Amino acid sequence: MSLIITNIDLHYLTKAENSAEVKITSNKGLIEVNEKINAFMENLHSTYNSKGSKSFGGFKQGPEVDNAQSFMKLLQDYLDDQDQFVPFSNQAVMRLKLELEKYELAETGYLVTCHYEMLGGRYLFVCLLPVSEHYYVDGELNISADTHVDTSKMTLAARIDLFEYQQNPQGNRYISFIKGRAGRKVADFFLDFLGCEEGIDAKQQSHNLVQAVEDFVNVNQLNPEEKQNTRKELLSYCKEQNQLGQEVKLKELSEVIPVEDNGEKFFEFCQQNDYELEESFPHEQAVINKVTKYSGYGAGISVSFERSHFGSDVRYNPEKGTLTIYKVPPNLKEQLLKLIEDHNKAQDAISDDSNTAAAAPSDSAPF
């Protein structure tokens, strides 16, 4: 990776449940950037990109917004003078403190504020990392407990695309954020802290894209193999964009979707039909993944198969509610044969016990 940190700061916040007090521990100055700090931010960047359920929006604006105290104003002041990152991050953590104090909930973690560049993009990343307890054993076999930052459980995080924000501050997609977590929505305090409102619907755009691709392969009367190859090209492109933290660009996607000589390209097809797709948009990878596979789980049963097998190797009877699989995977077949063998052995053992019991002489004397 080629992540370059411009500025990074860290604050520790702790708030006990049913308490209004938020305690803050701050740095005395900027964190010195070294290899470990770079690796730490690369890990956060990758973890954030891997989070599937993200939404997109922009800063709230209007007469009801107190611009003098808003996060947007703090950010703009910093961008005007990048030597003032510590004052910016200190004022930002105070905004978060005020929002947390409105809620009767416990929250402990490290607020990371980082301005960095990655693959030509320039970002401000803000997240509240939780802490977890772990145990360790020293050389004398003494067991002790300690806490550590748990980056894998990142749920309160947002990233601002600074290029997009500065070029289009009225836009609705330059802020991305993790959509929520079990028990409460992230918007309860984290989005209020940022002054962000949801804009473009990445999930709906993804559904529209999948529908457009399906219509495209059907209109062009592609054979089953060609259809599946087209779906795989869509999936491959979107996965790559997701790993890079980039939006789906219809013109780029159109170049990787195969068409016949002089045939209509996918981008032109989308323009001529009303799919409500923007030329560039953030996507939700979980929706795109379904373009090549069907899967489901419930009542202890998990099923997954490639779309190309539906109707041939896998058939569904909607009247009976049954699913028939004609080609069983070899590894599953081995398990099933072993299961049948064990079942038959168990039945034979029960039968032998029953016959033995029936043949045993009675203790009662006959009349």
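This report describes pockets, helices and selected residues of a predicted model.

## The largest pocket

The largest pocket has a volume of about 530 Å³. Its lining is made up of 27 residues, and those closest to the pocket centre are Phe56, Gly245, Gln246, Glu247 and Pro282.

Strand E7 gives the most to the lining of the largest pocket, with three residues. Sorted by class, this lining holds seven nonpolar, eleven polar and nine charged residues.

## The second largest pocket

The second largest pocket holds about 370 Å³ of space. It is lined by 16 residues, of which Val303, Ser304, Phe305, Ile325 and Pro329 are the closest to its centre. Two or more lining residues come from each of strand E15 (301-306), strand E17 (322-325) and helix H11 (330-359).

The most is given by E15, with six residues in the lining of the second largest pocket. The class division for this pocket is ten nonpolar, three polar and three charged residues.

## Helix H1

H1 has 16 residues, which at 1.5 Å a residue should span 22 Å; the C-alpha atoms at its ends are 22 Å apart, so the two values agree.

The N-terminal end of H1 is capped by Asn34, which has a side-chain oxygen 3.1 Å from the backbone nitrogen of Lys36. Within the helix, the buried residues are Ile37, Asn38, Met41, Leu44, His45, Thr47, Tyr48 and Asn49.

## Helix H3

Helix H3 covers residues 85-100. Its 16 residues should span 22 Å at 1.5 Å a residue, and its end C-alpha atoms are 22 Å apart, in agreement with that value.

The buried residues of H3 are Phe85, Phe88, Ser89, Ala92, Val93, Arg95, Leu96, Lys97, Glu99 and Leu100. What covers them includes strands E1 (4-15), E2 (23-26), E4 (107-118) and E5, together with helices H2 (71-80) and H5 (190-194).

## Helix H6

Helix H6 runs over residues 202-219 and has 18 residues. From its first C-alpha to its last, H6 reaches 26 Å, close to the 26 Å expected at 1.5 Å a residue. Asp201 caps the N-terminal end of H6, with a side-chain oxygen 3.1 Å from the backbone nitrogen of Lys203.

In H6, the buried residues are Ala202, Gln205, Ser206, Asn208, Leu209, Val210, Ala212, Val213, Glu214, Phe216 and Val217. Just after the helix, Gln221 takes a positive phi of about 50°.

## Arg173

Arg173 is placed in the loop between helix H4 (162-167) and strand E8. Its relative accessibility is 15%, so Arg173 counts as buried, the cut-off being under 20%.

A polar atom of the Arg173 side chain lies 2.4 Å from the backbone oxygen of Ser280. With neighbours within four places in sequence left aside, Arg173 is in contact with Phe56, Gly57, Glu164, Ile200, Glu247, Glu278, Ser280 and Phe281. Two of these contacts, Phe56 and Glu247, are also among the residues closest to the centre of the largest pocket.

## Thr108

Thr108 lies in strand E4, and this strand is among the elements that cover the buried residues of H3. Thr108 is partly exposed because its relative accessible area is 27%, which falls between the 20% and 50% cut-offs.

Thr108 and Lys15 are 93 residues apart along the chain, with their C-alpha atoms separated by 6.1 Å. Leaving aside neighbours within four places in sequence, the contacts of Thr108 are Tyr12, Leu13, Thr14, Lys15, Leu129, Pro130 and Val131. With Thr14, the contact includes a polar one between the two side chains, at 3.3 Å.

## His309

His309 is found in the loop between E15 and strand E16 (314-317). At 32% relative accessibility, His309 counts as partly exposed. The C-alpha atoms of His309 and Lys327 are 9.4 Å apart in space, and the two residues are 18 residues apart in sequence.

Notes: Residues are numbered from 1 along each chain as its sequence is written. This is a predicted model: local features need pLDDT of at least 70, side-chain atom pairs count only at pLDDT 80 or more; totals for chains, interfaces and linings use all residues. Side-chain values use heavy atoms; hydrogens and water are left out. On a 1 Å grid over the protein atoms alone, a cavity is a set of points where a 1.4 Å probe fits but cannot get out, and a pocket is an open set with protein on both sides within 12 Å along at least five of seven lines; lining residues have an atom within 4 Å of a point. Grid points are joined across faces, edges and corners, and a volume is the space filled by probe spheres set on the points. Helices (H or I, at least four residues) and strands (E, at least two) are DSSP runs, numbered from the N terminus. Ala, Val, Leu, Ile, Met, Phe, Trp, Tyr, Cys and Pro count as nonpolar, Asp, Glu, Lys and Arg as charged, and the others, Gly among them, as polar. The expected span of a helix is 1.5 Å times one less than its number of residues. Buried means under 20% relative accessible area, exposed over 50%, partly exposed in between (1.4 Å probe, protein chains only). Contact means heavy atoms within 4.5 Å. A polar contact is a pair of N or O atoms within 3.5 Å; within protein, one must be able to donate a hydrogen and the other to accept it, and residues adjacent in sequence count only if both atoms are side-chain atoms.
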